[in-house]
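The sequence and structure are shown here.

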Amino acid sequence: MSTAEPPPPPTLVRPYALTRGRTAPSRVYPLEALVHTDLRALEGHGLSPEERSIAELCRESRSVAEVAALVRIPIGVTRVLIGDLVERGVVRVHTQAEPESAPGAALLERVLSGLRKL
């Protein structure tokens, strides 16, 4: 017999109800993007229980994937809710550096050449 914890009870609210029928966020955030709550902006917003859970979890920076896993909501729904929170100024999302700050092709070629010499 396994001593694993039983699965959580099924939610009574369908995912599409949490997003008012929306299936796509206003902006798609990568799974590794970090979400952090702006504590100054947290007060005064009428947050749903799911949004409040996300805001509370993100008092410490967490990835989008981690947030979805911890609140036990599908990733697509989590992205929509995070997008709503961003628009309302409750959370900020930090993604990787912009493409123009990425290393150029010449640098990558030199690194590859150096690795081949090893």
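Thr37 sits in strand 1 (residues 34-37); helices (H or I, at least four residues) and strands (E, at least two) are DSSP runs numbered from the N terminus. The model is predicted: local features need pLDDT of at least 70, side-chain atom pairs count only at pLDDT 80 or more, and totals for chains, interfaces and linings use all residues. Residues are numbered from 1 along each chain as its sequence is written, and side-chain values use heavy atoms, with hydrogens and water left out.

The side chain of Thr37 reaches the backbone oxygen of Ala55 at 2.5 Å.

Ser61 belongs to the loop between helix 3 (49-57) and strand 2 (62-63). Apart from neighbours within four places in sequence, Ser61 is in contact (heavy atoms within 4.5 Å) with Val35 and His36. With His36 there is a side-chain to side-chain polar contact of 3.3 Å; a polar contact is a pair of N or O atoms within 3.5 Å, where within protein one must be able to donate a hydrogen and the other to accept it, and residues adjacent in sequence count only if both atoms are side-chain atoms.

Ser26 is placed in the loop between helix 1 (15-18) and strand 1.

Exposure is given below; buried means under 20% relative accessible area, exposed over 50%, and partly exposed in between (1.4 Å probe, protein chains only).

| Residue | Relative accessible area | Class |
|---|---|---|
| Thr37 | 1% | Thr37 buried |
| Ser61 | 43% | Ser61 partly exposed |
| Ser26 | 58% | Ser26 exposed |

Two C-alpha separations complete the account. Ser61 and His94, 33 residues apart along the chain, have C-alpha atoms separated by 9.3 Å. For Ser26 and Asp84, 58 residues apart along the chain, the C-alpha separation is 8.1 Å.
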